[in-house]
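Please examine the sequence and the model shown here before reading on.

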Amino acid sequence: MKLVFYGAGNMAHAIFTGIVNSKVIDSNDIYLTNRSNEDALKSYADELGVNYSYDDAALLKEADYVFLGTKPYDFDNLAERIKPYVTDSNKFISIMAGLPISYIREQLNTENPVARIMPNTNAHVGHSVTGISFSNNFDPKSKTEVDDLINSFGSAIEVSEDNLHQVTAITGSGPAFLYHVFEQYVTAGTRLGLEKSQVEESIRNLIIGTSKMIERSDLSMEQLRKNITSKGGTTQAGLNALSKYDLESVFEDCLRAAVDRSVELSNQDDD
Ligand SMILES: NC(=O)c1ccc[n+]([C@@H]2O[C@H](COP(=O)([O-])OP(=O)(O)OC[C@H]3O[C@@H](n4cnc5c(N)ncnc54)[C@H](OP(=O)(O)O)[C@@H]3O)[C@@H](O)[C@H]2O)c1
């Protein structure tokens with residue numbers, strides 16, 4: 001199977017590194033290209049054993065999956081560049097936020113299968129939660145191949161194209177929301193009188209340990225919480241104080257704002 005990456009930036013790098021490391025595809029079958037930064041391509045080729053080229057006709061010839069990894073506003077230029085060379089074997093996987101499948105096809109002047117994926121930055125550590133949506137001419141075997149590629153840098157959740165907005169909010173932007181919560185936790189922790197560096201270090205390890213508990217346990221998060229909350233104890237006292245605030249509404253506002261912005265951005269791209 002031949003994979004081509006158009007755009008080898010931050011997110012594409014996390015994805016092709018995950019694919020190479022998982023050995024789901026031989027690195028020799030992966031080709032990178034970008035706009036002009038050849039030094040970046042050369043260093044990825046040296047690091048991972050992948051290929052790079054600026055010869056679009058050769059890149060797209062017999063390419064099975066073509067990742068579209070530019071910024072959304074650079075896609076029109078990319079489409080102009082590659083549309084004369086698109087072949088019937090090319091199935092496209094867009095990582096660009098907000099650009100609808102219909103728009104991608106129109107710009108590339110093709111009816112070939114197109115999938116959109118919405119990864120998150122945890123792809124860098126092989127733990128992206130990636131939303132995926134397929135055009136309806138994606139055959140089941142190809143869907144499985146794409147799932148395998150995505151699972152190599154985390155996990156996949158298939159949704160309708162409309163629901164990618166929700167995935168964008170919940171898991172795409174999710175790492176930033178959680179970092180923000182952790183930042184507040186650190187700030188509050190330092191107010192209790194410990195050294196900031198001690199608090200930061202402790203909370204980093206607290207988050208890592210808690211994530212591993214979630215990963216390794218079959219219990220729900222609710223049950224994990226209940227297991228460490230004794231009646232009348234310190235944890236119960238802290239939770240009682242927390243329950244004075246409507247955290248559910250706080251997060252609902254946050255997620256709804258992110259969904260609304262995602263819809264707004266994709267409508268702008270439609271114009
Ligand atoms: N970062 C995230 O957390 C995240 C999460 C989900 C989705 N995304 C999506 O991922 C996409 C890429 O974001 P990024 O942060 O990885 O961007 P980035 O680091 O700026 O990388 C953009 C890449 O696109 C290349 N490029 C630009 N114009 C091109 C053209 N005409 N032909 C070929 N290559 C071209 C650039 O090449 P040069 O270096 O040569 O200019 C560069 O390799 C965006 O559409 C974004 O919506 C990002």
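Two strands pair if DSSP finds at least two bridges between them. Helices (H or I, at least four residues) and strands (E, at least two) are DSSP runs, numbered from the N terminus.

## Basis of the report

The structure is a predicted model, in which local features need pLDDT of at least 70 and side-chain atom pairs count only at pLDDT 80 or more, while totals for chains, interfaces and linings use all residues. Residues are numbered from 1 along each chain as its sequence is written.

## Overall form

The chain contains 12 helices and eight strands. Its C-alpha trace spans about 70 × 40 × 35 Å along the principal axes. Of the 271 residues in the chain, 30% are buried. A residue is buried if 20 or more other C-beta atoms lie within 10 Å of its own, exposed if 12 or fewer, and partly exposed in between, with C-beta atoms placed from the backbone.

Two residues are in contact if their C-beta atoms, placed from the backbone, lie within 7 Å. Among the contacts in the chain with a separation of 6 or more, 65% are between residues 24 or more positions apart.

## Two domains

The domain assignment gives domain 1 (3–158) and domain 2 (168–266); such bounds come from an automatic or database domain assignment. The centres of the two domains, taken over C-alpha atoms, are separated by 33 Å.

Nine residues of domain 1 are in contact with eight residues of domain 2. On the side of domain 1 that touches domain 2, the residues divide into four nonpolar, five polar and no charged. In this classification, Ala, Val, Leu, Ile, Met, Phe, Trp, Tyr, Cys and Pro count as nonpolar, Asp, Glu, Lys and Arg as charged, and the others, Gly among them, as polar.

Strand 1 runs parallel to strand 2 (residues 30–33), to which four bridges join it. Within this pair, phenylalanine 5 stands opposite leucine 32. A crossover is right-handed if, with the strands pointing away from the viewer, the path from the first strand over the helix to the second runs clockwise. Strand 1 also pairs in the parallel sense with strand 4 (residues 65–68) over four bridges, and there valine 4 stands opposite valine 66.

## Strand 5 and its partners

Strand 5 (residues 91–94) is covered on both faces: Lys91 and Ile93 on one side and Phe92 and Ser94 on the other are all buried. Four bridges join strand 5 to strand 4, and the two run parallel. Phenylalanine 67 stands opposite isoleucine 93 in strand 5. The chain crosses from strand 4 to strand 5 through helix 4, and this β-α-β crossover is right-handed.

Strand 5 is also joined to strand 6 by three bridges, again in parallel. Here the bridge partner of isoleucine 93 is alanine 115. The β-α-β crossover from strand 5 through helix 5 to strand 6 is right-handed.

## Surroundings of the ligand

The ligand is surrounded by 28 residues, of which the closest are Gly7, Gly9, Asn34, Asn37 and Ala97. A residue is near a molecule if its C-beta atom, placed from the backbone, lies within 6 Å of it. This shell divides into 12 nonpolar, 12 polar and four charged residues. Helix 1 and helix 4 (75–82) each supply at least two of its residues.

Most residues other than glycine have a negative phi, and most peptide bonds are trans. Lysine 23, in the loop between helix 1 and strand 2, has a positive phi near 65 degrees. Lysine 23 is exposed, with 9 other C-beta atoms within 10 Å. Asparagine 109 also has a positive phi, near 55 degrees; this residue is found in the loop between helix 5 (101–108) and strand 6 (114–118). It counts as exposed because it has 10 C-beta neighbours inside 10 Å.

Helix 7 (residues 164–172) is largely enclosed by the rest of the structure, because seven of its nine residues are buried. The buried residues are Leu164, His165, Val167, Thr168, Ala169, Thr171 and Gly172.
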